[in-house]
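Subject: The structure I promised you

Hi there,

Here is the structure we talked about, ready for you to open. Have a look at it first, and then read on for my notes.

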There are 2 protein chains.
Amino acid sequence: MNLQPLFSPRSIAVIGASTRPGSVGSTLTENLLAYGYTGRVYPVNPKAETLFGLQCFASIHEIKAEVDLAIIIIPAALVLGALREAGEKNVKAVIIISAGFKETGEAGMALEREVIRIAREFDIALLGPNCLGFLRPKIGLNASFAKGMANPGSIAFFSQSGALCTALLDLTHKTLGFSSFVSVGNKAVLSEIDFLEYYASEQDTKVIAFYSEGLRDAKSIIETGRAILLRAEPKPVIALKSGTTEAGTAASSSHTGALAGSEKAYQALFRQARIVRATSLQSLSEILSVFSQNPLPEGKNIGIITNAGGLGVLATDEAVRQGLTIAPLSEETKRRLEALPPSAGHNNPVDVLGDALAPRYELALDALLHDRQVHMILVIVTPQAMTQAKETAEVIAFAKKHSGKPIVVVLAGQDALEESLAILAKNEVATLTYPEAGARALAHLAHVAQWRRVAYYTPFSFKDIDLVGAQKIVQGVRQGGRTNLYETEVWQILTCYGFRFLKSASVSSAKEAQDKASLFDGPIAMKIVSPDITHKSDAGGVALGVNPKDAGKEYEALLQRVSEHAKDARLEGALIVEMAQKGGREIILGLKHEVGLGKLIMVGLGGIFVETFKDVAFRFAPLSTEDAREMIGELQALPLLQGTRGQSGVDTEALVAFIGRISRLATDFPEIEELDINPLLAFQNGQDFRVLDARIRLSDQTGTKKKVTKVLVTAK
Amino acid sequence: MNLQPLFSPRSIAVIGASTRPGSVGSTLTENLLAYGYTGRVYPVNPKAETLFGLQCFASIHEIKAEVDLAIIIIPAALVLGALREAGEKNVKAVIIISAGFKETGEAGMALEREVIRIAREFDIALLGPNCLGFLRPKIGLNASFAKGMANPGSIAFFSQSGALCTALLDLTHKTLGFSSFVSVGNKAVLSEIDFLEYYASEQDTKVIAFYSEGLRDAKSIIETGRAILLRAEPKPVIALKSGTTEAGTAASSSHTGALAGSEKAYQALFRQARIVRATSLQSLSEILSVFSQNPLPEGKNIGIITNAGGLGVLATDEAVRQGLTIAPLSEETKRRLEALPPSAGHNNPVDVLGDALAPRYELALDALLHDRQVHMILVIVTPQAMTQAKETAEVIAFAKKHSGKPIVVVLAGQDALEESLAILAKNEVATLTYPEAGARALAHLAHVAQWRRVAYYTPFSFKDIDLVGAQKIVQGVRQGGRTNLYETEVWQILTCYGFRFLKSASVSSAKEAQDKASLFDGPIAMKIVSPDITHKSDAGGVALGVNPKDAGKEYEALLQRVSEHAKDARLEGALIVEMAQKGGREIILGLKHEVGLGKLIMVGLGGIFVETFKDVAFRFAPLSTEDAREMIGELQALPLLQGTRGQSGVDTEALVAFIGRISRLATDFPEIEELDINPLLAFQNGQDFRVLDARIRLSDQTGTKKKVTKVLVTAK
């Protein structure tokens, strides 16, 4: 969708413009005129002839000139008419500021559906409804009813909460600059994915950030996020996502009606899309400050310079916790640092001491910037008696200008360091207040750089999948009007996708048992088949570890034992099942349809590991082989898969492939709502992997959810 | 130790006073005179007659009047003489500002040992060396060389880093007030525990906080921390501890030479001492703001009021993550909230909407304050177009004054909310900038309240412990010059402490086997004893599940089999061992001497749970029964102990008692450096618990560490 008319309009019609003080229509029109926007503004209001010295129009049709953008600020009930008129006039972008839509309940939701229909009919890029509008500082355009103007800069920010926009603007006006600042409202037409795609190639933007209470279409977000990071000039994407705890989700629903997904799903989504997840509003503003004013580092080695040992220790602790390495210094660097006083810290962190004047910072900065093993630098300045606020800031600003490495400054003070803050801000050096925050933001920067370095996404390729066979089964289930698959159907579908089950055969005579058992390679299990016997073992109806050669004899013994034990039971025969190999690891593989987002694939170790430790990993389909490997790598129980304590591990590459097969199944059959393979018995050799138990449920075409029937295929 | 002369001196001698501009001696003397301190100040400097208009003395002996406190600012080499002179003059408190002691290496360490010796000789309460001094705003006393004066207030803060003091003062001067602000330096004499004890009963102090890079004596800290919280007016204690990661510890050592302990040990220590752990410098300042201006809440239900839905969601998410409950509102409260506009959020969080004027905040506050189910309130104010910064702050300040519940305000803005900040600060209402920080700080407050409510510490009491028996064994080991105990010694000591092993007996004939086996209740294992056979099973030398009645017969069969297998092997007899019950859980119990802190007790599930998941819990001895229960409660694998998946659990109260027995052993025998019981097999009935394998190492009297010998007692 073309967002040029929205964000770079040559002319704007304000439907609902007004001069009534304090009204949204008045504030917004004033804002349009206040900050130097050079396009034409056409107020539309049937009750006025002029507004703010401009000619006023009774309707948009009366404007003879072309209109790129219409902003609608009238009561919800009148919006549809105005929107249609805008469409008829060939306006290609509309902002609906007005509230009273999806967020208010059923009637509003119906109104919003109409908005969407009309926008589609006329191909309108529509922002809102129920939003604040947007700001584009570079062209002096404040198309919102928020006070003031953002600083121009390279951050594109869009937010589902208008109030959060206002708060963030006020909180960061000393430190951050924006290319765009957008309140997205109800996202009836334009949503996060449209803005991500737009800012990916918008040249004023270097960093993209957003606040969301619920996203849609994981696949598109993942593809877009990855593509943005692979561009010649990569643009980091940062998300603040709320509504992830249960209570948070409830609050979110009552707020804008967003159906917030589960925490695990969003974790997987952001990780897969290579989107940095800010954990709080503060962390978002810190990350933005650091990301918008620094290049990506070449590695994860941090150098720390401080005039307060204690704060150096706090920064070091946090850096290590966040996965950075305290850079080992080269001999050359150590020699340079010898020029510091003897009681200084000559290693990393470099402690220039409490009485450090600017030249000591200069010396340490210069030494670390020239050290190839130092990939980024955190400079800590505390206001000591002798600290030179101005000169120290100038020294750092100069170093920043002449270096290709990220430099972040912690100004651990307020009034005493105000001058430093002003100088550093002017020179586009990121400043934060606390040492831990500095280390954390730099760690995020290093992770993005790392993502970019290893950005390979190899698709799975399977030649042995019998898609047609599986389609026939699913068709049969649908024709039967069912959603839960029978045991044999699950078995057949998974077999079409390359999974193996324990081999089995039904027999009804000793002769047949003898014949069919000869087709089994190893020891077999035999179980009585009887509609009257529940506890087969107790009735003597199970034999384990039988040599196939003895199957006929054992068949008779089995029937004999059972008939002694349960005289009147009907005995229909026996089931011969391959014995599972010993020593396998129980794996759980799963697939779940995450409403609005897509198919979530899960892997973990079965049994207590999934039940007690919740040690599972998620990713959205379709998976690359790297995704599947990352999933396994995330498991706490990884050492058990790799082999530990003298126990052999399992074939992890085979497991990767099986995860890929589930992903393929998920994309081939979007109607699969839920799948559980639990356990998949895994061994040292991928050929030996066996599914013991699995179930599949299709989406409910009628809209009601049915209970999942459990299907059991086992040799127990 | 009496700290009155230090913190409330009637007279102060400044040894090393000076007027040389910028010198520490000059700054410090100026500071003493600048803020209204009414006691006498005596400059001591042989080169001057008067200093700052005061008579100057050549030495402290020349001062005729009594001196309560001497501050020493002269070069390290001269400090010992000055300290001795102060002692001779009966000065009871001394601050050594001078650096050049422990932090500089061997020679400095020797100097510091002399300082300690002299201080002890004259019973001097000594602060430092290598410190900034301290501030006591209430009596206008700045006995430091830090710029400016802290605001008076109720927080006592002491810090191992002087520079961190300076930074924190500047960072919080708008929001925090202090009763004392102390730089503790090298802690040669006075250390954290002295200050904790002093401030526990010092009446100006309501909240105690400290920054430390390493603590000593866990037992005292735990006792003191708990006692402080149990006082009629409890004083929360907050710690910021750095140097907990490996790299952080290295930085810490090079900083002040503190030997920082491990992260796990400090986690246990703070938890046990009921000390709140701040995770960053920022979190420390936020907690201090909230704690010093609020009572403890009566429960963990939070009410949230916001004029920005998005920020309400962020606060809700964080509150839930931190263990708070979003308060369910009473019918009465809901009725009151109906007076808000229809589109407001009438539930918790209460969304008063972006256009809220002060009266809407007032209404919501009043409603929530009257609701008994709401235990604390977070008010979020964002600067929207219509927000009344002044009136809203006044409404909140009034509510705070007339309520017994904690109220914290998030002012999510800067310039636009400056007036709010000033009004709230003046009225002692805690303000923070970000919603998540508010929720986090309130959660800490609720945790302290919870600790106070459940502050029972029931000592373990065992009547069956054979202390004398164990002492004899340890004596024997010491006499043998060993540190590692033999298998039988470990066995005997643990038996003295109520642990049970698998019963066993050595036999050397079929007759003896038959006789001794009859003393065993259940099936037994029999193993050949031969110096020539390593792999007993392979040689046919092991029989499992033998009926005691068949022991004689089996003895002969065993010898027969082995002699066929290994013709020339010497066969000395057999070992009869009780068979371990099936289905037990492997528990690991441990004890480790944590240098400087004390005896750390550990519990966890054995095997993969400890090795792969590192799922263990720690506490310092001596343990209360509640401590031991907390340890078990912390384990991720707790459901496995309690029983899950149809498997029965273990007798957790018996496990609690066994943890208590280890604690008792640790306090009875401080010379035990390390103990491992791995595994202790645990069952549904505590009587059935059996130790399969254990080792004990004593502290090395000679100072060299020796390899731990593994001891194995098992029926495998």
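Below are my notes, beginning with the whole and moving on to the parts.

A word on conventions: this is a predicted model, in which local features need pLDDT of at least 70 and side-chain atom pairs count only at pLDDT 80 or more, while totals for chains, interfaces and linings use all residues. Residues are numbered from 1 along each chain as its sequence is written, and chains are lettered from A and ligands numbered from 1 in the order in which they are written.

**Chain A as a whole**

Chain A has 716 residues, of which 54% are buried (a residue is buried if 20 or more other C-beta atoms lie within 10 Å of its own, exposed if 12 or fewer, and partly exposed in between, with C-beta atoms placed from the backbone). Its secondary structure amounts to 24 helices and 32 strands; these are DSSP runs numbered from the N terminus, helices being H or I with at least four residues and strands E with at least two. Along the principal axes, the C-alpha atoms of chain A fill a box of roughly 100 × 80 × 40 Å. Among contacts in chain A between residues at least 6 apart in sequence, 71% join residues at least 24 apart (two residues are in contact if their C-beta atoms, placed from the backbone, lie within 7 Å).

**How the two chains meet**

At the interface, 69 residues of chain B are in contact with 70 residues of chain A. Several elements give two or more residues to the chain B side, among them α5, α8, α10 and α16, but the largest share, ten residues, comes from α11(B). By class, that side has 28 nonpolar, 31 polar and ten charged residues (Ala, Val, Leu, Ile, Met, Phe, Trp, Tyr, Cys and Pro count as nonpolar, Asp, Glu, Lys and Arg as charged, and the others, Gly among them, as polar).

**Strands worth a look**

In chain A, start with β1 (residues 11-15): four of its five residues are buried, so the strand is largely enclosed by the rest of the structure. It runs parallel to β2(A) (residues 40-44), joined by five bridges, with Val14(A) opposite Pro43(A). Strands count as paired if DSSP finds at least two bridges between them. Between β1(A) and β2(A) the chain passes through helix α2 (residues 24-34) in a right-handed β-α-β crossover; right-handed here means that, with the strands pointing away from the viewer, the path from the first strand over the helix to the second runs clockwise. Four bridges also join β1(A) to β5(A) (residues 69-72), again parallel, and there Ala13(A) stands opposite Ala70(A).

In chain B, six of the six residues of β11 (residues 178-183) are buried. This strand pairs with β10(B) (residues 152-159) in the parallel sense over six bridges, and the chain crosses from β10(B) through α5(B) to β11(B) in a right-handed crossover. With β8(B) (residues 133-136), β11(B) runs antiparallel over three bridges, where Phe134(B) faces Val182(B).

**A helix and some backbone details**

Helix α22(B) (residues 625-634) has Asp627(B), Ala628(B), Met631(B) and Ile632(B) as its buried residues. Seen down the helix axis, they fall within an arc of 140°, so they line one face of α22(B); the arc is that of the directions from the axis to the C-beta atoms.

Finally, Asn90(B) is not a glycine but has a positive phi of about 70°. This residue lies in the loop between α3(B) and β6(B) and counts as exposed, with 12 C-beta neighbours inside 10 Å.

Enjoy exploring!

Best wishes
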